[in-house]
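Open your viewer and get ready to click along.

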Amino acid sequence: MLALNVVLAIMWMTLQRSFTLADFVVGFGLGLGVIMLTQRVLREQIADTAVLRQPGAQQGYPQRAILWLRFIGFALWSIIKANWEVAKIVVRPRLNINPGIIAIPLDVKSEIGITVLANLITLTPGTVSLDVSSYKDTIYVHCIDIQDADAIRDDIKQNFERRVMELFP
Amino acid sequence: MALNEWLTVLLCSVGVAFMLLSSVGVLRMPDLYTRIHAAGKAGTLGVIGVLLGVGLYYGDLLSAGKMVALIAFFLLTSPVAGHMIDRAAYLTGVKATPSTGPDDLQGRYDAEGRLH
């Protein structure tokens, strides 16, 4: 928490473009406020990641860094594709779309994993995540144009969930 | 004009074009759920394009860093907003456009709004 607070103070100074003691104190104070407001969630998250970091649960740092870079690249590419797909639907002269909600079973277990997956689904072609069941075993997704529900389900499970699970089990 | 000015113009134009498409989408789509797609998606690339253009225009590392941070925050928050609006609309019973698509959520909520 202290390390996070110092990082927040340094970020504040960088964005202010002035590195005086007064700026550090102001940044530290603001950071303290942010941490106080988010303390409960932060603590849960730290406990959550501690579970993920159990021995044998994951690979070493270099492999993880490569996985992260690949994941970010994949996410950015998906966002560009999503924008293009939705833009194409918008300029269709006749709107013959077929929207609906489909259920997708979840294999990813951790809360952070589900959060990342839900965000990724919302950012990518024609799908917005609506809700997750209370047992965290199904995610409900609104699709703008369903041609083949099973194809969408497979795509999300094969592409998104597999990549998310490489980072968060 | 210098090369980076051309690139700035190009990036901002692409961004603004996507924002325009997104607004057209909001007007053309039949119901709230599909409008979220248009507003939340086509808008993302619009914001990214304009912000990258601004970062390139100032050309120094700090401005570029700020723009990258802004894009990161935007990508983290915009899907959450879309998801929350969609979910709130579904829970309060906003009608979807009649279509042949499935609705796997139908009847899944109990009286307390818990999802099984």
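Start with the second largest pocket, whose lining divides into eight nonpolar, seven polar and five charged residues. Here Ala, Val, Leu, Ile, Met, Phe, Trp, Tyr, Cys and Pro count as nonpolar, Asp, Glu, Lys and Arg as charged, and the others, Gly among them, as polar. This is a predicted model, where local features need pLDDT of at least 70 and side-chain atom pairs count only at pLDDT 80 or more, while totals for chains, interfaces and linings use all residues. Residues are numbered from 1 along each chain as its sequence is written, chains are lettered from A and ligands numbered from 1 in the order in which they are written, and side-chain values use heavy atoms, with hydrogens and water left out.

Next, select α4(A), which gives the most to this pocket's lining, with seven residues. (Helices, H or I of at least four residues, and strands, E of at least two, are DSSP runs numbered from the N terminus.)

Now move to the meeting of the chains and select both. In contact (heavy atoms within 4.5 Å) are 46 residues of chain A and 43 residues of chain B.

Which residue forms a salt bridge with B:R87? Select A:D131: its closest N and O atoms to that partner are 2.6 Å apart. (A salt bridge is a side-chain nitrogen of Lys or Arg within 4 Å of a carboxyl oxygen of Asp or Glu.)
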